[in-house]
Amino acid sequence: MVEKIDAKQFDELLKGDKPVVCDFFANWCGPCKMLAPVMDDVSETFKDKAVFVKVDIDENMELAARYGIMSIPLVSVFENGTEKAKTLGYMSKSEANEFLKENL
């Protein structure tokens with residue numbers, strides 16, 4: 001299960017030595033709800049390569065503003081504190097696996 005965190009926890013994770021995969025979502029977002037179980041599945045596959053988290057953009061508006069998030073769901077890969085890659089919208093498990101293979 002991908003852990004839901006807040007902006008402060010997110011900033012702490014970015015200081016770590018493992019890449020961070022963040023699912024930016026909102027509770028009212030249908031595609032976000034569809035993506036959640038996909039992210040839970042792929043987080044198990046890639047748990048040795050990255051830390052998987054999710055951030056509710058409605059509860060963490062300053063974080064959404066910092067990264068210019070206008071549409072969700074948005075999955076971003078952060079490495080060394082910097083956004084390395086991102087993908088917008090729902091993706092299937094195979095698409096999520098492919099995205100993570102290319103970016104982790």
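Me: Before we start, what should I keep in mind about the numbers?
Reply: This is a predicted model, in which local features need pLDDT of at least 70 and side-chain atom pairs count only at pLDDT 80 or more, while totals for chains, interfaces and linings use all residues. Residues are numbered from 1 along each chain as its sequence is written, and side-chain values use heavy atoms, with hydrogens and water left out.

Me: OK, what is the strand order in the sheet?
Reply: Five strands make an open sheet with mixed pairing, in the order S1-S3-S2-S4-S5. S1 and S5 are the edge strands, each of which pairs on one side only. Strands here are DSSP runs of E with at least two residues, helices are runs of H or I with at least four, and both are numbered from the N terminus; two strands count as paired if DSSP finds at least two bridges between them.

Me: And which helix packs on that sheet, touching S1, S2, S3 and S4?
Reply: Helix H1, residues 7-14, packs there, and its direction makes about 160° with that of S2. Contact means heavy atoms within 4.5 Å, and the axes are lines fitted to C-alpha atoms, for helices over the stretch in contact, with angles from 0 to 180 degrees between N-to-C directions.

Me: Is S3 buried or exposed?
Reply: Five of the six residues of S3 (residues 51-56) are buried, so this strand is largely enclosed by the rest of the structure. Buried means under 20% relative accessible area, exposed means over 50%, and partly exposed is in between, using a 1.4 Å probe and protein chains only.

Me: How many bridges does S3 make with S1, and how many with S2?
Reply: S1 (residues 3-4) runs parallel to S3 and is joined to it by two bridges, with Glu3 opposite Val53. S2 (residues 20-25) also pairs with S3 in the parallel sense, over six bridges; Val20 has Val51 as its bridge partner, and Val21 stands opposite Phe52.

Me: Switching to the cores, which residues have the most contacts inside the largest one?
Reply: Phe10, Phe24, Ile72 and Phe78 do, in a nonpolar core of 21 residues. H1, S2, S3, H3 and S4 each supply at least two residues of this core, and S2 gives the most, with four. A nonpolar core is a set of buried Ala, Val, Leu, Ile, Met, Phe, Trp, Tyr and Cys residues joined through side-chain atoms within 4.5 Å.

Me: What does Phe78 touch?
Reply: Leaving aside neighbours within four places in sequence, Phe78 is in contact with residues including Phe10, Leu14, Phe24, Tyr67 and Lys84. There is also a second, separate core of 16 residues, with Val2, Val42, Val75 and Ala85 among them.

Me: Where is Ala85, then?
Reply: Ala85 is in strand S5 and is buried at a relative accessible area of 12%. Not counting residues up to four places away in sequence, Ala85 touches Val75, Ser76, Val77, Phe99 and Asn103.

Me: Which residues of H4 are buried?
Reply: In H4 (residues 93-103) they are Ala96, Asn97, Phe99, Leu100 and Asn103. Seen down the helix axis, these buried residues fall within an arc of 165°, so they line one face of H4; the arc is that of the directions from the helix axis to the C-beta atoms. The face turned away carries the exposed residues Ser94, Lys101 and Glu102, whereas the cover over the buried residues includes S2, H2, S3, S4 and S5.

Me: Is Asn80 buried or exposed?
Reply: Asn80 counts as exposed, at 69% relative accessibility, and is found in the loop between S4 and S5 (82-88).
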